[in-house]
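Please take the sequence and the coordinates together, and follow the chain through a few of its strands and helices.

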Amino acid sequence: MQRRELTAFTEITPVAPITVKTHGWRAKCLQRLIRLDLPVPRTVAISAAEVRAIAQGQLPDARSVLEGFGPSPLVSVRPSCENPDWGGPGTMLNIGMNDERHAALAAEHGAEVATSVYLRFVRSYAIHVARLDPDMFEGTEPSAENLRAALRAYALETDEPFPQDPARQLAEVLRSMARAWESTSARLLRQAKGAPENAALGLVVQKMAQGVGQGESGCGVIQFVDSVSGLPQITGRYLRQSQGRDALVPGDEALYLACDPRGPSLEDVCPDAYTDLLRYGVVCRANLREEMQIEFTLENGNLCILDAAKVARSSRAGVRIAVALANDGIIPRDEAVLRVEPRALSELLHRQVDPRRPRDIFVRGIGASPGAAQGRIVFTSDAAQASAARGEPCILVRRETAPEDIRGMHAAAGVLTERGGMTSHAAVIGRGLGLPCIVGANGLTLDPRERTLRTRDGRVFREGDVITVDGTRGEALAGEVDLLEPALDDAFTTLLDWADAVRDIGVRANADTPADAQLARSFKAEGIGLCRTEHMFFEGDRLIVMREMIFADSSEERAAALARLLPMQRADFIRLFEIMQGLPVCIRLFDPPLHEFLPQTRDGLHELAEALDKPLSDVTRRVEALSEFNPMLGMRGVRLGIALPEIYEMQARAILEAAAEVARAGYPVVPEIMIPLVSAMREVELVKTRIDSIAAAIRTRTGVNLTYRLGVMVETPRAALRAGDIAQHASFLSFGTNDLTQMTYGLSRDDASRFMSAYVQAGVFQEDPFHTLDVDGVGELLLIGARRARRARPDLTLAVCGEHGGDPESIAFCRAAGLDYVSCSPYRVPVARLAAAHLVLASLHAG
């Protein structure tokens, strides 16, 4: 193999030309520690370019690296890539250990210590550098005999004795680590963590601080905040007579750091070193502008700082740390806002499984709605409602959910489905309700008749068994586990207030019930951007009346049934208006096909026949008559409102009467009424004429100067293309990107999960278009519609109210398109607020 002198290495000093780009984050961090006068052992950085050359076969002459480490060098090698989140090969300790150094160490510290250090290095070198079978070297206690056995095994397997030359050892370690970084598996793993394909690796060579000796010696780590909560807390461990990160290995020998009644501590045995560590922590926080975990070693009472890295943290800890750093004047508020990823806020809004506790996972799926919940298994919506009535939390387990399961989902603490994807019914409703939900758990086999679910490994769970759903990670756990409560504390509120101060696009909430509206208010939504009135009809007493209306034989019978629904709807809207206290409320008129309100099973049909006092045959015939080949493209939305005008008339009257009553009570409101599934200007004209007539009658009857805004939900490609015409009769257009995506692609979002992952992996789609807005196709329609609508009516309000309204990447497109606001489920409002602020701050920094 070709050897060459290693020239691309640099001793790390305060003024050395070290950058993150050329030498990696660890090298740069060590330089900063040295500049802060922390006691860092001599360290040499090897550039990323040199490491890549080593991986390609150019074995270096490592003697030049070791020249500054003394006549009997003993060093470690650590990875130093550009971003610590990308990982890298493990640290190698005690390079330079050989028979001669073993004898010297034995004379200085005793044979037991020397043998332990040497055997550790032989094992590590054999497994990670020579790539020998780990079983030959692992699991043996340090002893002279075991050391001799390890050296014999190495010689037997490699046909040469264990290398005694420190330079050769170092060269082989550098080559092994460089090649490990370039391996296919390592490349794929770091790309999954966000690393670019050509991500490079630097290496640092550092003088060993032994951690073994006659005086107080050992290694440890210390940090000054809790990784889960982010609260100030001295955390870490110290292990005597040890090296590296041995202190983190579970065991009873490690000492606490601060004085602790449970056992001895570093503060007890070496108070000066403990005091220095506290001081170094303050210095690092102030100057590195971050909460750091410090790795240290004591050698005969002398403290060495080996490394420092950003404290690993949960999302809730990340928020609290960013806000604390800003409040202490260490970072500006804008930087604190940028340090928290918008999607990370989802974990703070819901209960979470405590990451410090063991997890008995029995199936994995797609985490479709974040949060954790536990309860007894139920297999039907009726059972979920019965469980809720008893005050017992339950988990609704289904093959997949349908609209008739909404009541069961409302009653359940969480949902687990065998089928489905991120845009399936269970996923969308779960996110809207803030309900922990796992979909696509295809490792399950459900037997609704026997009321059991079976896993691939043969475990059987029965109705009534307790399970836990972790919708954040997509894991279902057996039994109950410890949960962390939501972290909607002062830090959360403060961060979002800072975000609101800079964002320039509005954020509303999709809210269908008073509870949703109250939640939206608590998350500081700027109004309701979508209230889906059909969800109000699925409650028990209302569902019966709704079905009576569907089965009405004449317009008079239909009007009579709707008259019974009118006061219910009006009460709902009054409550919404009261909760929102003058903030805009956009109410979408009835949208779904009527068949969604009808049962599909024989038992359900029989119950309906009894409730309506009609023959089962008549009920069955009517249900069959209402069925459509493609109901989502059939009799729904404005088509239903024009064919059966009594429905929209009742809803318009309920909305406007509610607005009048609230106005008389001192809460003036201008309701926004939105027509769904429009494709032609004439549809808007017809509905507008009827609503204007109803509004005029209510003004006359109540004496209230009632106004309202009429808008259109743009869900069809034709509506986007004809937006200029439609805008002449509308005050606002709100793009319903869920249906607009379905119709643009000719793709059902409920069925797309069957092949979506294959399409994304094959590169057909870059992302699931129901999850992140398709800017090239659907986005082009949105831009055309926005441009033509504004040309026809410059004062027109434009918005997005689909699932994409809470997706950070989609919000970026909406902002660039000049939309006035986005609307998303209440639990995604904080995410949208923070994402919108990120966009403004990123553009300022780019400028």
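In strand β32, V822 stands opposite V800, a residue pair that belongs to the parallel pairing of β31 (residues 797-800) with β32 over 2 bridges; strands here are DSSP runs of E with at least two residues, helices are runs of H or I with at least four residues, both numbered from the N terminus, and two strands pair if DSSP finds at least two bridges between them. This is a predicted model, in which local features need pLDDT of at least 70 and side-chain atom pairs count only at pLDDT 80 or more, whereas totals for chains, interfaces and linings use all residues. Residues are numbered from 1 along each chain as its sequence is written, and side-chain values use heavy atoms, with hydrogens and water left out.

Strand β32 also pairs with strand β25 (residues 506-510), to which 4 bridges join it in the parallel sense, and here A509 stands opposite C824. Within β32 (residues 821-824), Y821 and S823 point one way while V822 and C824 point the other way, and all of them are buried, where buried means under 20% relative accessible area, exposed over 50%, and partly exposed in between, with a 1.4 Å probe and protein chains only.

For the setting of these strands, the protein chain as a whole holds 33 helices and 32 strands, and its C-alpha trace spans about 105 × 60 × 55 Å along its principal axes. Of its 847 residues, 55% count as buried. Among contacts (heavy atoms within 4.5 Å) between residues at least 6 apart in sequence, 68% join residues at least 24 apart.

An open sheet is formed by 4 strands in the order β9-β8-β10-β11, with antiparallel pairing. Strands β9 (232-240) and β11 (302-310) stand at the edges with a single partner strand each, so one side of each is left without a neighbour in the sheet. Neighbouring strands of this sheet are turned against each other by 15° on average, direction ignored. Inside the sheet, 5 bridges join β8 (residues 218-225) to the antiparallel β10 (residues 292-299), and I222 has I294 in β10 as its bridge partner. Helix α2 (residues 25-35) packs on the sheet, where it touches β10 and β11, and its direction makes about 135° with that of β11. Helix α11 (residues 271-288) packs on the sheet as well, touching β8, β9, β10 and β11, and its direction makes about 150° with that of β10. For such values, axes are lines fitted to C-alpha atoms, for helices over the stretch in contact, and angles run from 0 to 180 degrees between N-to-C directions.

Helix α6 (residues 111-128) and helix α8 (residues 166-182) pack at an angle of about 45°, with their axes 11 Å apart. That angle makes α6 oblique to α8, given that angles under 35 degrees count as roughly parallel, over 145 as roughly antiparallel, 65 to 115 as roughly perpendicular and the rest as oblique. The crossing of α6 past α8 is left-handed, a term used if the near helix is turned anticlockwise from the far one by less than a right angle, and right-handed if clockwise. At this contact F121, Y125 and H128 of α6 meet R168, Q169, E172, V173 and S176 of α8.

Helix α12 (residues 315-327) and helix α18 (residues 490-500), in turn, pack at about 65° with their axes 9 Å apart, and they are therefore roughly perpendicular to each other. Their crossing is left-handed, and V319, R320, V323, A326 and N327 in α12 meet A491, F492, T494, L495 and W498 in α18.

Helix α17 (residues 425-433) is mostly covered, with 8 of its 9 residues buried. What covers those buried residues includes β14 (366-369), α16 (406-411), β17 (414-417), β18 (437-439) and α19 (514-522). After α17 comes G434, whose phi is positive, near 70°.

Lastly, V378 is found in strand β15 (residues 372-378) and is buried, with a relative accessible area of 7%. Leaving aside neighbours within four places in sequence, V378 is in contact with A383, A384, C394, I395, L396, V397 and E463.
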